[in-house]
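Please keep the sequence and the coordinates open while reading.

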Amino acid sequence: MPSDRIFGLICLITAVAYIAAATQIQTNLFSGEFLPKLFPLMIGGVAAICSLSIMFKPDPDPAWPAGGTWGAMAIAVFVLALYAVFLTPLGFLLPTAIAAGILSYQISPNPRPAILSGLGLSLGLFVLFKYALGLGNIVAYRIPTGEKLWDAFTILIPFVGH
Amino acid sequence: MDILANLAIGFGVALSPYTLFLAICGCFLGTIIGALPGLGPSNGVAILIPITFTLGLDATSALVLMTSVYYGAMYGGRISSILLNIPGDEPALMTTLDGYPMAKQGRAGDALVLSGVASFVGALLATIGLMLLAPTLARVAFYFGPAEYFALYLLAFCTLGGMASNNQAKAALAACIGLGIAMIGVDSSSGLPRLTGGNLHLFDGIDFLVAIVGLFAIAEVFFFIESHGKGSSIGVKLEKVTIPWKDIMATKWTMLRASGVGFIAGILPGAGASLGSFLAYMTEKSVAGPNGGFGTGAPKGIAAPEAGNNAAAGGALVPMLTLGVPGSGTTAVLLALLMTLNITPGPTLFTERADVVWGLIASLLIANVVLLLMNVPMVKIFVKILMVPAWVLLPGVTMISFVGIYSLSGSYFDLLLMIGFGILGYFLRKLDVPTVPVILGILLGGNMEDALRRAMTLSDGDPMYLFSSPIAIGFWVAAIAGFVAPMFLRGILKKPEAHED
């Protein structure tokens, strides 16, 4: 019950914010005053009604994972985010091996298979993408400067990065 | 005779050695994707689109490859249903009901072959139905104006929402999330950005591929972390595979009826393959009566949902190709593929790009035959592949998703956005909010708004214009009925419980 009420509330706030943003949409002579706002306003309105309905008629709670699993998932998200920003400065092989290994460990906590699957996936997928499929922008490795790494990392820090 | 001439064009396009090779690769890949638990047709096709795109295949080759994957995944879904009692994809859920009990009786091989044949019959009949029906519907669709299209899109969201969730409000909210995301970006008429919050990365809008891969593939990783990869790759034994002629002959009418039911369910915009297999199973269950042995490993209980879901997969292509409105999650992903290839589905597709349409239909027929040949003698190979443990499979899928999206734009922003969609997908699915309407909303949002704007411009802002033609009114009525009816039918049409160990 509380899950749905919280979810409904978040959606309601988002919907109201969306409506507010929609009223501020800039228009000009070509688009007319009202048309660019019409559909976003309708969407926001329907979403707000749905959110209210979810808040007042909630479904039973789903089975949420236990505390430790949340931690594992948070680590997974963090690792994937790091992977996303370091893929360009570091090249494919090293980030992929580390990220795949950690993910593998999160799914089944055995270090040896996790390390092996990280290394295997990194090499195997590189060969597949680069030589079998010929994807252009995959680079095996790059040796970055510390500055570039820091630049990449700051992307993840709100209000500091680009 | 028109159809035969067109089909000849289609085979002329699709029957070159290279496309045939692509079809075989696609079928093989698709069957694997369908069979692996946690990787359904939507996931599989979604992950492969960016890669196909970067490979620089031309439109026909890419279509042949991806439709083969699509049909292959529909075939493959049954393998894990029967052997592991885990549906590889949602439509295969009904196959577990009789498939798994039959496998437990030591007849796993028979169940696999029988379901393969049923899939073939369903898919073949549906492809023939597609050939007959689609051109006619395309001619009708020529008369649709903006009011009709707006109502039609609404109908798709309503019926999809009605079927996809147990809570209408959640389904409608999901559609709103998708539509809301589609609005982000530079507005085509004014040239000014909308709802971007000033972020330059958002001026181009959010790429639907990023959303699809995030919602379907990355979200799956979190589910596997939660379950620690349980429920995959259990020791599966498969004895010698023979062809159970007796069962096949005994279920021939079941397959035909189920194909018909499935095809019609597939055509309904938004309903899709899950409804097809469900209705086919329930129909056959009531035809067979209480002594039919449904739920205990009856051959008819395997043939019906498999023929039904494959027929629905074909049927779902009818509204997708003629109207641009997909009938299921996977066809939504296929629509995304067409849009990436710069092919706009709709009535004009049949006249202007006849080679693409008929090439696609011909490749469906080819894929179907390839799949039957592949799935009966080679079923053991696919069973072996099922043994890939989750701790290799899921990291692999994630890395392929990242590389696919990265190869599209080379931007970290899309990758971060994809992770965000993965997190969103996890919470939505946890809270029983269907994710397919989100995808559909992102895909169709632009077109739906266009239709509304043109209608408003034509009528000088009179909302009654939306209800000005009988066709439009018919769509509105159907949309409301499709949204409201499941609330009342839910009590009557209870889904049968899966077989527990």
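The side chains of Thr127(B) and Tyr71(B) are joined by a polar contact of 3.3 Å, a polar contact being a pair of N or O atoms within 3.5 Å, where within protein one must be able to donate a hydrogen and the other to accept it, and residues adjacent in sequence count only if both atoms are side-chain atoms. The model is predicted, and for that reason local features need pLDDT of at least 70 and side-chain atom pairs count only at pLDDT 80 or more, whereas totals for chains, interfaces and linings use all residues. Residues are numbered from 1 along each chain as its sequence is written, chains are lettered from A and ligands numbered from 1 in the order in which they are written, and side-chain values use heavy atoms, with hydrogens and water left out.

- Thr127(B) belongs to helix α5 of chain B, where helices (H or I, at least four residues) and strands (E, at least two) are DSSP runs numbered from the N terminus.
- With a relative accessible area of 0%, Thr127(B) is buried; the classes are buried under 20%, exposed over 50% and partly exposed in between, with a 1.4 Å probe and protein chains only.
- A polar atom of the Thr127(B) side chain lies 2.6 Å from the backbone oxygen of Ala123(B).
- Not counting residues up to four places away in sequence, Thr127(B) touches Tyr71(B), Ile361(B), Leu364(B) and Leu365(B), contact meaning heavy atoms within 4.5 Å.

**Nonpolar cores**

- The largest nonpolar core holds 213 residues, of which Phe92(A), Leu83(B) and Phe402(B) touch the most other members; such a core is a set of buried Ala, Val, Leu, Ile, Met, Phe, Trp, Tyr and Cys residues joined through side-chain atoms within 4.5 Å.
- Helix α5 of chain B (residues 93-141) gives the largest share of this core, 18 residues.
- Another core, of six residues, lies apart from it and includes Met94(B), Leu97(B), Phe294(B) and Ala298(B).
- The centres of domain 1 and domain 2 of chain A, taken over C-alpha atoms, are separated by 38 Å.

**Interface of chain B and chain A**

- In this interface, 59 residues of chain B are in contact with 67 residues of chain A.
- About 5,400 Å² is buried between the two chains, 80% of it given by carbon and sulfur atoms; buried area is the accessible area (1.4 Å probe) that two parts lose on being put together, summed over both.
- On the chain B side, Trp391(B), Met399(B) and Tyr406(B) lose the most area to chain A, together 13% of what that side buries.
- Two salt bridges are counted between the chains, a salt bridge being a side-chain nitrogen of Lys or Arg within 4 Å of a carboxyl oxygen of Asp or Glu.
- Lys170(B) and Asp59(A) meet through their side chains in a salt bridge of 3.0 Å, N to O.
- Helix α18(B) supplies the largest share of the chain B side that touches chain A, 13 residues.

**Salt bridges**

- Over all chains, the structure holds ten salt bridges.
- Arg107(B) forms one with Asp110(B), the closest N and O atoms being 3.3 Å apart, and both residues lie in helix α5 of chain B, three residues apart, about one turn of the helix.
- Arg107(B) also meets Asp247(B) in a salt bridge of 2.5 Å, N to O; Asp247(B) lies in helix α9 (residues 245-250) and Arg107(B) in helix α5 of chain B, so the pair ties together parts that are 140 residues apart in sequence.
- Arg107(B) is partly exposed at 26% relative accessible area, while Asp110(B) is buried at 17% and Asp247(B) is buried at 12%.
- Asp187(B), Arg194(B), Glu449(B) and Arg453(B) are linked in a salt-bridge network.

**Backbone geometry**

- Most residues other than glycine have a negative phi.
- Asn342(B), which is not a glycine, has a positive phi of about 65°; Asn342(B) sits in the loop between α14 (329-340) and α15 (347-352) of chain B and is exposed, with a relative accessible area of 67%.
- Asp432(B) has a positive phi near 65°, lies in the loop between α19 and α20 of chain B, and counts as partly exposed at 33% relative accessibility.

Methods
Domains from an automatic or database assignment.
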